[in-house]
Amino acid sequence: MSTMPMAMVTGGGMTPDSIVSKLFNLHSKAHYYHLQTTSFAQHNMLDALYKDLVEAKDGIAEYLLGIQAPKRLGPLTSETIEPFSEEAVAKLIEEGLQFTMSLCNYADQKGLEQLCNLSSDLQGAFAKAKYFNTFK
């Protein structure tokens, strides 16, 4: 079951600002947990995930800026990062999967096919992370 509010799962209430903020927050969590884990497999999985998130947040943010040009992004909102635990890592991965589905729904509602494509690429990174997180 998703821990995200239904509005996020359906893409409702998303804005370019909230999308970019979420990407920055997901990246920060993945990078922080990457530094905290003592599992080599998890360390490598999180390394790949946060690097994929760097690419995704840049590509998605630039796409959104192009769509709304000349308007720029507003301030980012920050989320508190939970202390490292196996559960926190699993929650991050699930949060990322749910977010990418919500983002694709948002893109569909707005007729932004390329945004859905970019979101799908990121969804693949989170799905791979979920699988690799089973390695011990």
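## Basis

Residues are numbered from 1 along each chain as its sequence is written, and side-chain values use heavy atoms, with hydrogens and water left out. Because the model is predicted, local features need pLDDT of at least 70 and side-chain atom pairs count only at pLDDT 80 or more, while totals for chains, interfaces and linings use all residues.

## Leu-26 in helix H2

Leu-26 lies in helix H2, residues 16-36. Helices (H or I, at least four residues) and strands (E, at least two) are DSSP runs, numbered from the N terminus. The relative accessibility of Leu-26 is 0%, so Leu-26 counts as buried. Buried means under 20% relative accessible area, exposed over 50%, and partly exposed in between, with a 1.4 Å probe and protein chains only.

Apart from neighbours within four places in sequence, Leu-26 is in contact with Leu-53, Leu-92, Glu-95, Gly-96, Phe-99 and Phe-126; contact means heavy atoms within 4.5 Å. Glu-55 is 29 residues from Leu-26 in sequence, and their C-alpha atoms are 12 Å apart.

## Salt bridges

The model has seven salt bridges, each defined as a side-chain nitrogen of Lys or Arg within 4 Å of a carboxyl oxygen of Asp or Glu. Side chains of opposite charge can pair when their charged atoms come close. One of the bridges joins Glu-79 to Lys-22, with the closest N and O atoms 2.8 Å apart. Glu-79 lies in the loop between helix H3 (40-68) and helix H4 (86-110) and Lys-22 in helix H2, so this pair ties together parts 57 residues apart in sequence. Glu-79 also forms a salt bridge with Lys-29, where the closest N and O atoms are 2.9 Å apart. Glu-79 is partly exposed, at 29% relative accessibility. Lys-22 is buried, with a relative accessible area of 9%, and for Lys-29, also buried, the value is 9%.

Another salt bridge is formed by the side chains of Lys-51 and Asp-47, at 3.2 Å from N to O. Lys-51 and Asp-47 are four residues apart in helix H3, and therefore separated by about one helical turn. Lys-51 is partly exposed, with a relative accessible area of 45%. Elsewhere, salt bridges that share partners join Lys-22, Lys-29, Glu-79 and Glu-95 into one network.

## Disulfide

There is one disulfide, the term meaning a pair of cysteine sulfur atoms within 2.5 Å. The disulfide is formed by Cys-104 and Cys-116, whose sulfur atoms are 1.7 Å apart. The pair links distant parts of the chain, with Cys-104 in helix H4 and Cys-116 in helix H5 (residues 113-132), 12 residues apart. Cys-104 is buried at 14% relative accessible area, and Cys-116 is buried at 12%.

## Helix H5

H5 has 20 residues, which should span 28 Å at 1.5 Å a residue; its end C-alpha atoms are 29 Å apart, which agrees. The expected span is 1.5 Å times one less than the number of residues in the helix.

Buried residues of H5 are Leu-115, Cys-116, Ser-119, Leu-122, Ala-125, Phe-126 and Ala-129. Their cover includes H2, H3 and H4. Phe-126 is also one of the contacts of Leu-26, which lies in H2.
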